[in-house]
Structure formats: C-alpha cells, structure tokens
Amino acid sequence: MTEMTYSEAIKAAISEEMRRDPTVFLIGEDVAIHGGAFGVTRGMHDEFGSERLINTPISEAAITGAGVGAALVGTRPIVEIMYMDFITLAMSQIVNQMAKARYMFGGKAKVPVVVRTPGGGGRGNAAQHMQSLEAWFVHVPGLKVVMPSTPYDVKGLLKTSIRSDDPIIFVENKLLYVTKGEVPDEEYLIPLGVADVKREGSDITVIATSRMVLFALKAAEKLNDEGIEVEVIDPRTLHPLDLDTILASVRKTGHTVIVHEAPERCGIGAEIATQIQEHAFDYLDAPILRVANPNVPIPFSQSLEAAAIPDDDRIIAAVKRSLGT
Amino acid sequence: MELEKDLLFDMYRRMKEIRVFENRAGELYLQGHIWGAVHLCSGQEATAVGACMALREDDYITSTHRGHGHCIAKGADLKPMMAEIFGRTTGYCYGKGGSMHIADVDGGNLGANAIVGDGIAIAVGAALGSRINGTDKVSLTFFGDGATGTGGFHEAVNLAAVLKLPVIFMCENNHYAVSTHVHYSSPVPRAADRAAAYGIPSFSVDGNDVLAVYEAVKIAVASARNDEGPQFIEGLTYRWEGHYKGDPEIYRSKAEVDQWREERDPLLLYRVVLQDKGVASTEDLDKIDEEVNMAIEEAIEFAENSPIPPLESLFDNLYVEDR
C-alpha cells in the first residue's frame, strides 16, 4: 500500500492504462507539458509525449466530438474538460452523439470515451467555475456517470472506466485532488455500479457523493459521540446506481439523508430519494431529507460561498431532524 | 485525368441509385409508408458520388440529415438502406436510427446526423483515431452551407488544422439552409473562403459535375494522406426538393428550381460527358437505368416485407456492458 493523493491516483490510473493499451490517449486543454489545469497529468509527458497527451485549443465541443469520432474507429479517448462548468459547451456531442450513437446505430457502434472533469469547489472560484452537473448526465440514457470520493476509489474506477466500452462521464472534484489515502501497489479494478459502505451504523443512512462523503464521515464521527450511529454510503457510480446496497441500509435504519454538492432542486438526491421510497416505502420511519446546495448560483464572497455548499454541520442538523432529536 | 471505364460507369450507377432512391422515398413518404420525415438530396448526387468514390473503401465519412446519398455513394446496399428508413429490423440500424441517423459503420460511414455541424468534429476524431491506430485512413465530412455558421464547424476545422489531421471538409453548398439563403447567412461569398481563416487549402468546384468533384477530392485525399493536413472543398450545387418532403418552399421561386433541374441535372450532364468521351452509349446508360429501377423496387419490396422491431428490443444496445 502507498499513501497518495486523489490526483496522483488518477495519474497512476491513466498512466497504467496508457501503458497497457496503445489506443488509450488523453485529449484536452493544457494536458500535455502543463499536465492539466490541476496538474493531474504533470510529468507524464516524458513518457507519453504529445502523440498521446494531445493539447488542444479552447474548443470543448470539438474536443469532445473528436473523442466521439476517435472512439467510433476503435480507440479509447480520455477527454479532459478543465472545469465541469465547461462541459456545457460540449453538450450536443455528449448528449446527442456520444450517448446515442450505439443505440441509434442498432448496436453496430460503440463509443468507449471517458470524459473526465472536476466539479465542485470551495475556494472562491465563484458561480461559473464551481458547478456540479452530474445530475444532467444521469438523466441521459446511454451515458454512465461515475463520481469517486477517495484515492482508492478514483484509481480503481478510472481504470475500469477506461476499459469500459461505454461512454462515461467521470466526475472528479477540485478540492479532492489534494486529499490523501491508501492505494494498493498491485493492480486492482473497481466495478461500476457498486456502492461502498464507507462507515457502518444502525441509526440512519447517509448517502453522500464525492467530497460530501468526507463531510458525511466527519458528521458521523461527531454524531458517534452523541450516541447516534450513522451509516455512510458512497454510491461511487451514479448510473448505474447500486440501489440494492442503498435499500439494504434503509431497511436497517429506516432513516435517510442524501448529501450532494449541486443545487437541491432536481439534483441526484431527488432521483435516489424517489427510488428509495418506491422500493422501501414501508421501511421508512421519516421522510427522506436532502442536504445540498441552496438553489442559487454560488456567490463569490467567502462567507456566502460557505453557506452555498453543504458541510458536516448541515448534515448533522438534517440527521437530527430526521431522527426527531 | 483518365479514369477507368468501370469507375466511370460506377459513378453513373451510384448517382442513378441515389436519384431513384430519393424519388421513390419521397413518393413512399407521401403515401404514408415512411414514418417521420425524409430530407432528400435529389439534385446533389454528384457531390456525394464524386467525393465518396475518390476515397479508399476503408476511409471514413460522416454525413448529414440529408444523408441517403452519402450512404449509397459510400457503397451501402440498397435493401438495408430502404429497410432502415422503413424502420425495420433488417435496416442498417435495426430500425432504431431511421433516415436521419442511418449509418454503415463497418463500411466507414460513421452516420448521418440530425444535429447540423456535429458530424464535422466526429470526422476530425476519426482522423485522429486513424493516427492513434497508426493507419493512413483519411476521413471526409459532408456538411452544408448552413453548417458553416455553427460553432461546431469552426471549432472542428480549427482543431483539425492545428493538429494537422487527415480530414477533408466537404461543403455541399446547395445555397439554402431550410429557408435561409447562404448570401444572407454568410458574410463571405463562398464557403471555401472560410478555409483561409484556418490556413488550409480550399477549392470551390461545380458540385454538379461529378468528375470535377472527383478530381478535386482525389487531390485533397492524396494531400491529406501525405500528412499535409486538412483540406477544404466546396461543391456548388442545389437541392431540387424542399428541406423536407412536404416543405411548402415559399422561400424560393419555382423558376429557380426549374432552371437547376433543367440546366444543371448532374445525371444528364454526366450522360453527355460519357457519351462525348465515347465511354458509353445511350443504350449502355439506359440499361443501367433499368437495372437501378429494378434494384430499388426490390429494395422496397424487401423493406415492406421485413419485420418490425419487437417491443422487447426497446432496451437493446443501449450499453455494451450491463454495468
């Protein structure tokens, strides 16, 4: 085992897969010598060169469309979108092309693209550089959406995603890049569609995504001191969702809080909550609650920004509201 | 350029196939046999055939919403083509794509596309994929005058130019984007003028002269395959039909349409060329016409007798892997 950052784990995953498969390549803005806006691929250029770390002009639509085309002819592109907010510029290529080519062509094509992009924030990047848009892509049939929270998860899931023959939106998190965790030295893969119980508990189920997993665990620690046992579930893949793991927990605890970055309205919490109540209604002792961004663009001023993103205190408040304590 | 007789005849045959396919598709549509809409390329046979036949069989194309002609020109079979627009399981896309999403991926046609401009970047990607795969395949992307206003077009041409990819940008300038004339929507007189902004070579040719299109694309393909980077070709042409079958076409005069039909019919013009060159007699060409007419009718019969996709197939081929 080696301790490494989330960012280093991503770099390791990409490097290993590029060594293993010559058709894997990375394309995006500033990805070559600069190593990407967040330095994730810095240092890879010596090994892989500009032929496989392809730097581009600022052209999200063309970059992503080129990924689609390259995938259709038998390569495995990793498309890097610098900030998730910029994915909006590639929407037609993702939604109309990447997601639909296989289905529209009667199964005669496949589009093995991974679109990697960091969402979220908390360092004053403000409204157009901090969005977490994963819910949009879960809503598009034909895509898969992966959203890992730890170095261990991100490496195993990215390797699987690169090897997958389906188009995947791989949502990283800007503030997770520097977080550290233990990663096995030997090769491992994590399958898509499998959630991870990050902490066991019997009083309440807290389902959290990406950086919110860290807040959920922090909240669980604090609540533990008060005798409240929180089970923290990290779905890891948003679509296909591991509903079985979630339902098993809900049947055990009867209480659920879902935490995500991104505005509450129509966030991924809405979909998960609906699925839970549809399949485990009789097990619920309280309404399912959500802790998410308020429905506003994220403001710049630091104290306002803090109010616009969930944290452990807000999770604790929701847990207590759910339990009626 | 001296071309082989077989090639010259094939060009005629494919143009005739497109002509008859489109005529019959239009009729069948109005009779209620085809669901949705059809966007016919009647009158634009020469750009499709001249371009596709200048490619190697394993080169790639991307097409547009007006893609029946490109599909036939790239070598598709008429039966699965007709079956696809009839929505049957024997269609190229199992009936799941229809007219605007018809594709023959194995044959190098990476798909018709209902989003104007999107296919251009996809073709750039195919060329990039070819480079990553270490092959010398080139890709050619068809798009219309209307697409040259899209962000997708500009980004894709720019990207191909800076990465020096083997792409041929083939603009079929038929002068109209639905109802909007290109002189309104373009600040430069020719689509080929736009190439200058990207530092790539461009040619503007008579899009209704199949040999002129062929020659221009042949040169471009050779350059692209020789690592000289992307090329831009504009074929000036005209669509005889409305944007879609049923279009009231109040944006243009019947006189204008008639003039193109009568004076610049790609098939009639080519007939004259073949006969003048002594390559073909009237009888030779009439014989091809008869064969094509029959082949299209057989394709229609095949389509009509093909199965409709069962309800159970609704979720088929959404993903390769279950998770």
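Me: Why is Ile34(B) called buried?
Reply: Its relative accessible area is 5%, and buried means under 20%, against over 50% for exposed and partly exposed in between (1.4 Å probe, protein chains only). Ile34(B) is therefore buried. The model is predicted, with local features requiring pLDDT of at least 70 and side-chain atom pairs pLDDT 80 or more, while totals for chains, interfaces and linings use all residues; side-chain values rest on heavy atoms, without hydrogens and water. Residues are numbered from 1 along each chain as its sequence is written, and chains are lettered from A and ligands numbered from 1 in the order written.

Me: Where does Ile34(B) lie, and what is it in contact with?
Reply: Ile34(B) sits in the loop between H1 and helix H2 (45-52) of chain B; helices (H or I, at least four residues) and strands (E, at least two) are DSSP runs numbered from the N terminus. Beyond its neighbours within four places in sequence, it has heavy atoms within 4.5 Å, the cut-off for contact, of Ala25(B), Leu28(B), Tyr29(B), Ile85(B) and Phe86(B).

Me: What makes helix H4 (residues 78-85) of chain B largely enclosed?
Reply: Of its 8 residues, 7 are buried, so the rest of the structure largely encloses this helix. The buried ones are Leu78(B), Pro80(B), Met81(B), Met82(B), Ala83(B), Glu84(B) and Ile85(B). They pack against H1, helix H3 (68-73) and helix H11 (282-304) of chain B. After H4(B) comes Gly87(B), with a positive phi near 75°.

Me: Which residues touch the most other members of the largest nonpolar core?
Reply: They are Met11(B), Met82(B), Phe169(B) and Phe232(B), in a core of 155 residues. A nonpolar core is a set of buried Ala, Val, Leu, Ile, Met, Phe, Trp, Tyr and Cys residues joined through side-chain atoms within 4.5 Å. Helix H1 (residues 5-30) of chain B gives the largest share, 11 residues. Ile10(A), Ile14(A), Ala32(A) and Ile162(A) are among the members of a second, separate core of 30 residues.

Me: Why does Arg236(A) count as buried?
Reply: Its relative accessibility is 7%, so Arg236(A) counts as buried. The residue lies in the loop between strand E11 (230-234) and strand E12 (237-239) of chain A.

Me: What does the side chain of Arg236(A) make a polar contact with?
Reply: The partner is the side chain of Asp153(A), at 2.8 Å. A polar contact is a pair of N or O atoms within 3.5 Å; within protein, one must be able to donate a hydrogen and the other to accept it, and residues adjacent in sequence count only if both atoms are side-chain atoms. The side chain of Arg236(A) also reaches the backbone oxygen of Val194(A) at 3.1 Å.

Me: How much area is buried between chain B and chain A?
Reply: About 3500 Å², with 62% from carbon and sulfur atoms; this is the accessible area (1.4 Å probe) that the two parts lose on being put together, summed over both. On the chain B side, Ile132(B), Tyr319(B) and Arg323(B) lose the most, together 20% of what that side buries. The contact takes 39 residues from chain B and 49 residues from chain A.

Me: How many salt bridges and polar residue pairs are there between chain B and chain A?
Reply: There are 0 salt bridges, a salt bridge being a side-chain nitrogen of Lys or Arg within 4 Å of a carboxyl oxygen of Asp or Glu. Residue pairs in polar contact number 23, both residues at pLDDT 80 or more.
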